[in-house]
Amino acid sequence: MEKTIGQMVAEDYRAAQIFKNHKIDFCCKGNRTLKEIAEKKGLDLKGLMQELDIVQEQDQGDQPDFKTWPLDLLIDYIEKKHHRYVERQIPIIKQYLTKLCKVHGGQHPELHQVSEHFHTSAGELAMHMKKEELVLFPWVRKMVNGPSKGSSKEQPYFGTVKNPIKMMMEEHDNEGERFRKIAHLSNDYTPPADACNTYRVTFSLLQEFEEDLHRHIHLENNILFPKAETLESKLSNKHSYGYQWSQSKQ
């Protein structure tokens, strides 16, 4: 079975830079193969593969191998690294955008659209992260710790972990699309010739925010969520087998 681009980035995050260079979405739309993308975007498949081979031959340095991390550790990392980043940066970027629209909105009306999209994203992300922190992540932690604590038969009210995961992935898609619009409106975060320092800083912060969001979504869509579904399936099979075995002894 051919690997998806999401799986490729999960195995080696350095591949992400190649996909970024070609404007290929590896986080929200990471379930596509390289061949499918090359055909759809009219890219040279052989050339893409060569670029990936070159970057993968380079030293990985201290790049963490997130795919090997236990699920509860990965969740802790996502919350402390990415959720806290979003919470910290949103009020800062809002403040900059408000000032930017006030000073330069007349000459650059697209700034008002950028600000509107970001404010919408800020509200949606806040609710999204709370749903993860209060519903999905606690249950995944419970699945990780459950077998050793004997809590094997408890069932979540949402039925299967696939249900909240599906919702989270749909919301990821929405944010990915929103930031594609922001990137387009800002000419890929390129300040105009008459941009002041505040203008440049704002675009730099927005670009950094998008890059962090891509990595954040990648860790969830391509690593955490598939592993959580696999764990649930394993636990379900184990419990089913244990029940059948106990019944056969009666």
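This is a predicted model: local features need pLDDT of at least 70, side-chain atom pairs count only at pLDDT 80 or more; totals for chains, interfaces and linings use all residues.
Trainee: Where should I start with confidence, and what does the protein chain average in pLDDT?

Mentor: Happy to begin there! The protein chain averages a pLDDT of 87, and 90% of the residues score at least 70.

Trainee: Which helix has the lowest mean pLDDT, and which the highest?

Mentor: Among the elements of the chain, helix α8 (residues 197-249) has the lowest mean, 82. Helix α5 (residues 71-104) has the highest, 96. Do look at residues 241-250 too, where the pLDDT is below 50. Beyond near neighbours in sequence, that stretch has zero contacts in the model.

Trainee: Now the packing: at what angle do α3 and α4 pack?

Mentor: Helix α3 (residues 34-41) and helix α4 (residues 45-56) pack at about 130°, their axes 9 Å apart. The crossing of the two helices is right-handed.

Trainee: Which residues of α3 meet α4?

Mentor: On the α3 side they are Leu34, Lys35 and Ala38, which meet Leu45, Leu48, Met49 and Leu52 of α4. By class, the residues of this contact are six nonpolar, no polar and one charged.

Trainee: One more, please: is Gln155 buried or exposed?

Mentor: Exposure is judged from relative accessibility, with exposed meaning over 50%. Gln155 has 57%, so Gln155 counts as exposed. You will find Gln155 in the loop between α6 (110-149) and α7 (162-185).

Trainee: How far is the C-alpha atom of Gln155 from that of Trp139?

Mentor: The two C-alpha atoms are separated by 9.6 Å, with Gln155 and Trp139 16 residues apart along the chain.

Definitions and conventions:
Residues are numbered from 1 along each chain as its sequence is written. Side-chain values use heavy atoms; hydrogens and water are left out. Axes are lines fitted to C-alpha atoms, for helices over the stretch in contact, and angles run from 0 to 180 degrees between N-to-C directions. Helices (H or I, at least four residues) and strands (E, at least two) are DSSP runs, numbered from the N terminus. A crossing is left-handed if the near helix is turned anticlockwise from the far one by less than a right angle, and right-handed if clockwise. Contact means heavy atoms within 4.5 Å. Ala, Val, Leu, Ile, Met, Phe, Trp, Tyr, Cys and Pro count as nonpolar, Asp, Glu, Lys and Arg as charged, and the others, Gly among them, as polar. Buried means under 20% relative accessible area, exposed over 50%, partly exposed in between (1.4 Å probe, protein chains only). pLDDT is the predictor's confidence in each residue, from 0 to 100.
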